[in-house]
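Here are my notes on the model, for you to read beside the coordinates. They cover the charged pairs, then the core, then the surface.

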Amino acid sequence: MTSPILTPGAAKRIAFIAAKQGKPAVLRLSVDGGGCAGFSYRFALGELEEGDCVTETDGVSLVIDPVSLDLLAGSQV
């Protein structure tokens, strides 16, 4: 399974937003039930939790919970 990646452009923007809000540069991406295709995607600044998959780009972390990981494998943010 290929882990999702965070592009350098997205990392730069996330770092900017996190700095403005005084939060760590950690983007949490998750998949919830609902939406047009049966899923909705949630993006939020957050913290690393036990069991998360972590990908780092330019000092910014993309974290995904184990349940969402199967649905997001190979994606690019």
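1. A salt bridge here is a side-chain nitrogen of Lys or Arg within 4 Å of a carboxyl oxygen of Asp or Glu. Keep in mind that this is a predicted model. By that criterion the structure holds 3 salt bridges.

2. Start with Glu 49 and Arg 28. Their side chains meet in a salt bridge at 4.0 Å, N to O. This pair links distant parts of the chain: Glu 49 sits in the loop between S2 and S3, Arg 28 in strand S1, and they are 21 residues apart.

3. Asp 52 forms a salt bridge with Arg 28, with 2.4 Å between the closest N and O atoms. Asp 52 also belongs to the loop between S2 and S3, 24 residues from Arg 28.

4. Is Arg 28 buried or exposed? Its relative accessible area is 14%, so Arg 28 counts as buried. Asp 52 is buried as well.

5. The remaining pair is Arg 42 with Asp 32, whose closest N and O atoms are 2.6 Å apart. Arg 42 lies in strand S2 and Asp 32 in strand S1, so the bridge ties together parts that are 10 residues apart in sequence. Asp 32 is partly exposed, at 25% relative accessibility. Beyond four places in sequence, Arg 42 is in contact with Arg 28, Leu 29, Ser 30 and Asp 32.

6. Now the core. The largest nonpolar core has 13 residues, and Leu 6, Leu 62 and Ile 64 have the most contacts inside it. Helix H1 (8-21), strand S1 (26-33), strand S4 (60-64) and helix H2 (66-72) each supply at least two of its residues. Arg 42 is 15 Å from Leu 6, C-alpha to C-alpha.

7. Check Thr 55 in strand S3 (residues 53-57). Thr 55 is buried, with a relative accessible area of 15%. Its side chain reaches the backbone oxygen of Pro 4 at 3.1 Å. Contacts of Thr 55 beyond four places in sequence include Ser 3, Ile 5, Val 60 and Leu 62.

8. Last, the surface. Phe 39, Tyr 41, Phe 43 and Leu 71 form a nonpolar patch there, with about 440 Å² of accessible area together. S2 gives the largest share, 3 residues. Phe 43 is in that strand.

Notes: Residues numbered from 1 in each chain as written. Predicted model: local features only at pLDDT ≥ 70, side-chain atom pairs only at ≥ 80, totals over all residues. Heavy atoms only, no water. Contact = heavy atoms within 4.5 Å. Helix = DSSP H or I, 4+ residues; strand = E, 2+ residues; numbered from the N terminus. Buried < 20%, exposed > 50% of the residue type's maximum accessible area, 1.4 Å probe, protein only. Polar contact = N/O pair within 3.5 Å; in protein donor to acceptor, adjacent residues only side chain to side chain. Core = buried A, V, L, I, M, F, W, Y, C linked by side-chain atoms within 4.5 Å. Patch = residues over 30% accessible without salt bridge, like charges linked within 9 Å, V, L, I, M, F, W, Y side chains within 5 Å. Areas by Shrake-Rupley, 256 points an atom, 1.4 Å probe, with all protein chains shown as cover.
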